[in-house]
Amino acid sequence: MNLYALMFYATAVLIIASTVLAVTRRQAVHSVVFLVVSFLGSAMLFYLLGSPFLAALQVIIYAGAVMVLFLFVIMMLKAEQGEEKGFAKRFWAPGVLAGFLFFAAACVAVFSDPSGTVPLKLNAVTPKEFGRFIFERYWLAVELISLLLFLGLVAGIHLGRDKGRGEEDPE
Amino acid sequence: MIVPYGHVLVLAGIIFCLGLTCVVARRNLIMVLIGVEIMLNGAAVAFMGSGLLWQRLEGQAFVLFILGIAATEVSVGLALILHAYRRSGSVDPDTYSVLKG
Amino acid sequence: MMLSFNQDLVLVFALLSVLPPLFSFGLIVVFLRSSPGLSSLVSISAVAVSLIGAVLLLLGFRRPVELSATWIVTGHLSFPFGFLLDPTSLLMLVLVAGISLLVQVYSVGYMAADPGYSRYFAFQSLFAWAMIALVLSSSLLQLYVFWELVGLSSYLLIGFWYEKFSATQAGKKAFVMTRVGDVALFMGLLLVLLHTGSLGIQEMNGSDMASRMSPDLLTLSALLIFGGVIGKSAQFPLLTWLPDAMEGPTPVSALLHSATMVAAGVYLLARLFPFLSHAEAAMTVFLTIGTITMVMASTMAMVEKDLKRIWAYSTVSQLGFMIMALGAGGFFEGTFHLTTHAVFKALLFLCSGVWIHLYGTNDVFAIGRRGARRLKAPMICIFLAAASLSGIAPLSGFFSKEAVMGALAGLDNPVWVAAGLLGVFLTAYYAFRALFILALPLKEEKGGGDEKPALFRTMVWPIIILSFFTVVLGWLEPFLEGFLVEDVNIRTNPHSWVVWASSGLAVLGVMVAWLEFGRKGSARIGFAERWAPVRELFAQRWYLDHAYELVLEYVVYRTFAALCSRNDQKVIDGGVDGLSRLTVAGGRVLSHLQSGALRYNVALPFVIVGIVVFCVLLV
């Protein structure tokens, strides 16, 4: 057990704990905050697994932009909806069942294969190398992602229109 | 040497299943969307681990794409939730039962 | 006269004996149901043709002939279908065809006004075909097929007047009881087949049979075959169906249940006599059962008031007598008695039928009161028949009875002869009891006139012909013995004391009957009827029917039938219903998936994938 393994397990515990807390909160805002912690832990994991660039991107985009957007929308809808109604078993049962079953199957799949026990080798990639790789090999995907972002922008504007003009739509 | 590959996949699986539980069990559409985000995060961890196993950069490239897609999908999804909320007055997924039976 | 035929001609005559009644049955059933006159004409001519064929075969007989063709071939087993023409079968063939013809002619008069006339003659033809084919069968499997067919026609004819509930019950009882015997017969057949690989009668009678099957196996199969005989020939304990079978028309009783069908059992024993005589223990069992039956049935006849039932018990008793003869090793004696019994028993029934048809009642006392003695021809003939039954010289019954008693006397144990003598006494007693009640009633009704039933001629001529044979047949004994048994020297009976003893007992029986029933001022109560327990015992058929009812009630209905019906309800129906309930409940559970809620739709694919991965990886 060397230092890196220790770091991995510590990060893993952090991620899992904060995700569990995020999933089980009653108030949506609490949930979002815990999720931000989870994403930060995820960023550390990415750094450990060899990509400091992606770690930074995770913090900036995911934790910084996406979660903030969530907070905005929560606050827009907050006044009318109030707290969520109870945590009954019949709502949680299918979820727990599905998750558990799927996870069990995944474990069996992973550990029945010999390559599941191969230890990973450390490596790190600088942003420059990563960028060169992306733009040389997967430039089309990058372009498509940008197009997708544009589409998202248009859709967001259209759907999020205010009541005045949105109601004229017969849809 | 860090950890066996299987452990990384187990971690990814746990994150993914937690996200699945969140999607299925919550009665607030926004929480459902948060669950989807968690699931995407789990997939990203898996990709990273696999890229490191085979020492290829494709794994990391795909994590970049996941990031982009997640951002797009969140914005469109939240816009949809707003729209639906304004039309029906509730964010409980159980009330959207027009497709019942 | 000895005609000489070649093989082809023999085949033609054999087919001529067997096939016409089958065609007659088909013709009547399909086309002629609405024309009664034509039906009886077709049926009678068919049987007449069979009789002609039979007589020709008999006259042209040189040596035994087997004509067969391959019928079923499975694996290494091959079953032939064919005709075995040897002295025993030819004699029986002539007997069956002749008596069938006479009974069918008689039926024209008896069944004249009956609405089921055509159906009756159709069934008679069916029976004639089945019985003739049974007699001529060359292998036991074929014989079994026709055995069952004969049982079927018996069922159809017993329950002929199906509107009467008692008739249908009697038919069912006959069929079921004989079926029990037939199961035993089939098991015996299977045993023989398994150990020797063939069921041909000539092969079974061959001399090497004793080496091919072990003695125990021989005895077992002989006993099982005898089980079939017990059923078909109404021996103890399966004898109670025959008295009830008297529900059928009288000509049917004359033909089936006295002369031919019930004699099929005895015929089977005679057929397989060389085979069966290898098993000593089985022969002793035959003797025992025959004896018990003979004495038991005679006692039942002593207290009976129904005329047909008296003769039915007599048939059972005489069949027991024949089986005693065969069990004692007397092949010729048993067969000879079979022949003479067929003639005089049919005669007894046909004569009784004249009065039953005229007066519409079976009760002996009623018939006597209404003036039975006024019809001369039946009266004389029934007297001859009863005398032949009792074994009074010089009628045919005397000769055959003496032959059987001689065979019994030749055994070591004197108990068989003693039982035979007792049987002779009782037979004479009950026969003449019935006769005296008929002929010498206490009080005769006036005003009856000399009325005769319609078509009296068709009923009288068969009776006359049969009485002729009753008288004459006895004198043919030497010829018959020479014909049936190879290399025999006509021997005189070494036990001549038996002749005197049995004749004396027969006369004694007649005199006791005269004392109690015949003379003027007699009390008309038999010696057996004086003690009520004894009378009840005899009248209730020694409580055999009660025993059967108990067995049915407790073993069949309460246990097996109850178990089966509970299995049907709980297990089979319950299983199917449970399956359907499971499906409905499953549907109700699965309908939650379609409730429009998002969570189930999302969770479902992951659950399925998990299960599939599990299955793939763990299997």
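## A helix inside chain C

What covers the buried residues of α21(C)? In this predicted model, the cover includes α3 (87-110), α16 (331-359), α18 (376-390) and α19 (396-409) of chain C.

Which residues of α21(C) are the buried ones? They are C:M459, C:V460, C:P462, C:I463, C:L466, C:S467, C:F469 and C:T470. As a reminder when looking at that list, an α-helix has 3.6 residues a turn, so residues three or four places apart point the same way.

## Domains and confidence

Chain C comes with a domain assignment that gives domain 1 as 279-486 + 493-532 and domain 2 as 548-618. Taken over C-alpha atoms, the centres of these two domains of chain C are separated by 67 Å.

How far to trust the picture? For chain C the mean pLDDT is 86, and 96% of its residues reach 70 or more. The model as a whole scores ipTM 0.90 and pTM 0.71.

## Chain A on its own

Read from the N terminus on, its elements go α-α-α-α-α-α-α.

Of the 171 residues in chain A, 28% are buried. Among contacts in chain A with a separation of 6 or more, 54% are between residues 24 or more positions apart.

## Where A meets B

Chain A puts 72 residues into its contact with chain B, and chain B puts in 58. On the chain A side, at least two residues each come from α1 (3-24), α2 (28-48), α3 (52-81), α4 (89-111), α5 (127-137) and α6 (139-159). The largest share, 14 residues, belongs to α3(A).

What is the make-up of the side of chain A that touches chain B, by class? There are 52 nonpolar, 16 polar and 4 charged residues.

## Where B meets C

Chain B also touches chain C: this contact takes 11 residues from chain B and 9 residues from chain C. The chain B side of it divides into 7 nonpolar, 2 polar and 2 charged residues.

Note on methods
Residues numbered from 1 in each chain as written. Chains lettered and ligands numbered in written order. Predicted model: local features only at pLDDT ≥ 70, side-chain atom pairs only at ≥ 80, totals over all residues. Contact = placed C-beta atoms within 7 Å. Helix = DSSP H or I, 4+ residues; strand = E, 2+ residues; numbered from the N terminus. Nonpolar A, V, L, I, M, F, W, Y, C, P; charged D, E, K, R; others polar. Domains from an automatic or database assignment. pLDDT = per-residue confidence, 0-100. Buried ≥ 20, exposed ≤ 12 C-beta atoms within 10 Å, placed from the backbone.
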